[in-house]
Amino acid sequence: FGSNLGFQDTTYVELTLRVLGLMCDGQNRALQNYLREQPDNINNVNLVGEVALFLQHFYSDINKDNIELINRILQTLVEMCVGNYYNQEVIFDHQIIDIVNRILQTPVFNRCRLQDVVQMKASAIELLETILEETHKETPKLVENVHSVMDLDAVFNTLVYFYYLKDDSDMCSLKMDDDATRALFRTFHILKHLPDFGIDVPEPVKPSVKGLKEFQREEDIWEAWKYCSERSKSVEILYENMEGDKTLSKVHFHYNPDDELSDELVERVTWKINRDSAEDKVRDFLDWMKAVKRDVKHVNSLRDHWYTRLFIFGTKYQNWALIFLTLLLNVLVLASWNSRDDVYSGKCFTQRTLLLNSTVQKANSLPTIPLVQCWFGYIALFVLGVAHFGITLIQVISYFIMNYPNFHLPSLYYKYIKRKKRDSTYSDVPIFGLKTLYYLIILACSGLSLVFWGYFYSICLVHIVVNNDILQRVLRSVTKNGKSLLWVGALGFVVLYIYAVISYIGYQSYFDDPENSGHCKTLFQCSITTIRLGLLGGSLLTNGDTRLDFEPGYYILRTIFDVSFFIIVTTVGLNIIFGIIVDTFSELRDERYQTEADKKGFCFICSFPAYEFERHATGFKDHVKHEHNMWNYIYFSLELDRIDSTNQNAIQQYVYNQVANGDTDFFPILRARCLKDVKDTTQEEIAELKSMVEGVIQCFKVLNEKIDKVSDHSDNMEEDVAFRGDTSTS
């Protein structure tokens, strides 16, 4: 390889290496295997091994003339080996780990630029991570071999090296701070990945004494380790290679704290996800994942602008402040309102209040405007009202900003105007929906309360429902079967209208009693009176009947009319509505109970029962928090979206494609690494129980035979005694 191309001019060598790397770009397994062995060629050439051998000519003398070529060789080896266990085995046999150790052990290279050294070390770390990725059933053996020759101290030193480089001013000026950060977490994940194979890696401990020179290295390692630990998470992935073999792999990844899910979003996904079966859970979770990722990306984009941060930070505290102000204003209004009859009662009022009430007294048709006692009441209402309106306005703007990507217009808009309908997700919000209308009404009530002395603050008290899970469940018991309630209500009004027509035709003279709120001069009046008196009192014809004599025909018909109305409307109709609401509330309670039982009794990802982890692992809580944390899969998918597809390793690319295609095969259903050594003894236990039952049955059979023998012997003895008695008598 090297002798044919020569070392004097490395241009052709770099070009050849680039071509080889591009051939394997995108993890092309066919070409990766073909570069290792050519079945259609008589003279097979292992180009993977040749490239590894070519690197050995340089690693002992790395300088400014060949460092770029070395970096190109390392990148080519990464492209050749990513996701390909057999190529990884080839380069290991060609002592590639010794070269990686040499690169990581050397802090400074002769006359080499900083960016070249950083890039070469980062490429060496990437190659080491590629060799250690668990994509084959034989990977654990390869990892043990790698560990036997790998210099762990050099890896720890490299961790500290990249930790300080990520914030270095020279790196920032060269725009390589992201490369240093990426290499830092790759180094950390290598150290975290080794214990997954049972290899003991000493975890750094915080030094007891700081500032001493002899403990400086331990302190640096501890700081780098702590930094990476706080920004790293792990998941277990069921990876399927090209041969169809499935491997349960543990993946450590970089976690961005800005991706942290809000409590409201976590609660919504937790209680609304479908938990009918293990497959339904992960399938619905994948659908939720798309909606959650869109929300997280939108919030992160809002953080980039200072003028939008006000509306996304502290929304929970803003909500509590709004509720507190609403309660305070209603208490103040409750204590300070007076009717206009008290205008001249000696109490102190503002001049504006007296002017308003004198105007109202001239127009008796207008409602009473309250009088605020003393000047401090007016000022307090105004100041608190302005604060209330400001917070309400921020809440409304925050609602529209936060839900901007989730708003969707009515279907008619997409059908006749836009033609192409947007993809819907679980977080979609109808722009003309009830929630949007609610926020607009709250804003209008807050503004009108400033003008009309707090009349509308009473409506703002409805805001206590927001973020209150108990009250929201009560409302859901009414709204979940809202269509059924509407149809039952429509049927009820039809029945009431029928009774109104009957009343108008046959009982108008006995129905029309204005003194007792009975009006039936027209069919419209009769209908309104029927609805009002019928639903409130349960009887219609209670007044206006002055008959003194008993008339059977009239009273029989009226009895049928009253009793049927009472049974159909008051008893049956209203109880049907109440029954629907009560049944819905019971259904929601049962759903919540089942969800809580599933959360406490089964792992969401693998669906193993909790007692399995209590018996054979470190506990169920530890498992769902660190090994199969459902939210870590969302963070992992968010991280994959940030990584360029050309820089993804085999497992990352596999999961990325699975999520994009809506496949759930990467979820480890009924699989867990902590239970991989636990044998399934179910069949053995069943066989043992079966043998025990058969033994018991056999014992009963023997016992029955003995009882039969004893019974036969007893019968024979009785016959013998009877025979002897007869003989002696005769």
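The model is predicted, so local features need pLDDT of at least 70 and side-chain atom pairs count only at pLDDT 80 or more, while totals for chains, interfaces and linings use all residues. Residues are numbered from 1 along each chain as its sequence is written, and side-chain values use heavy atoms, with hydrogens and water left out.

The structure holds 21 aromatic pairs (rings of Phe, Tyr and Trp, the last by its six-membered ring, with centres within 6.5 Å; planes under 30 degrees apart are stacked, over 60 edge-to-face, the rest tilted). One of them joins Tyr-161 and Phe-162 edge-to-face, at 5.3 Å centre to centre and 75° between the planes. Tyr-161 is partly exposed at 23% relative accessible area, whereas Phe-162 is buried at 0% (buried is under 20%, exposed over 50%, partly exposed in between, with a 1.4 Å probe and protein chains only). Phe-285, Phe-604, Tyr-633, Phe-666 and Phe-667 form one aromatic cluster.

Lysines also meet rings. Lys-166 lies over the face of Tyr-227, 4.3 Å from the ring centre, and Lys-233 over that of Tyr-255, at 4.6 Å (NZ of Lys or CZ of Arg within 6 Å of the ring centre and within 35 degrees of the ring normal).

Helix 6 spans residues 85-93 (helices are DSSP runs of H or I, at least four residues, numbered from the N terminus). Asn-84 caps its N-terminal end, with a side-chain oxygen 3.3 Å from the backbone nitrogen of Tyr-86. Buried residues of helix 6 include Tyr-85, Val-90 and Phe-92. Just after helix 6, Gln-95 takes a positive phi of about 60°.

Methods: Helices (H or I, at least four residues) and strands (E, at least two) are DSSP runs, numbered from the N terminus. A polar contact is a pair of N or O atoms within 3.5 Å; within protein, one must be able to donate a hydrogen and the other to accept it, and residues adjacent in sequence count only if both atoms are side-chain atoms.
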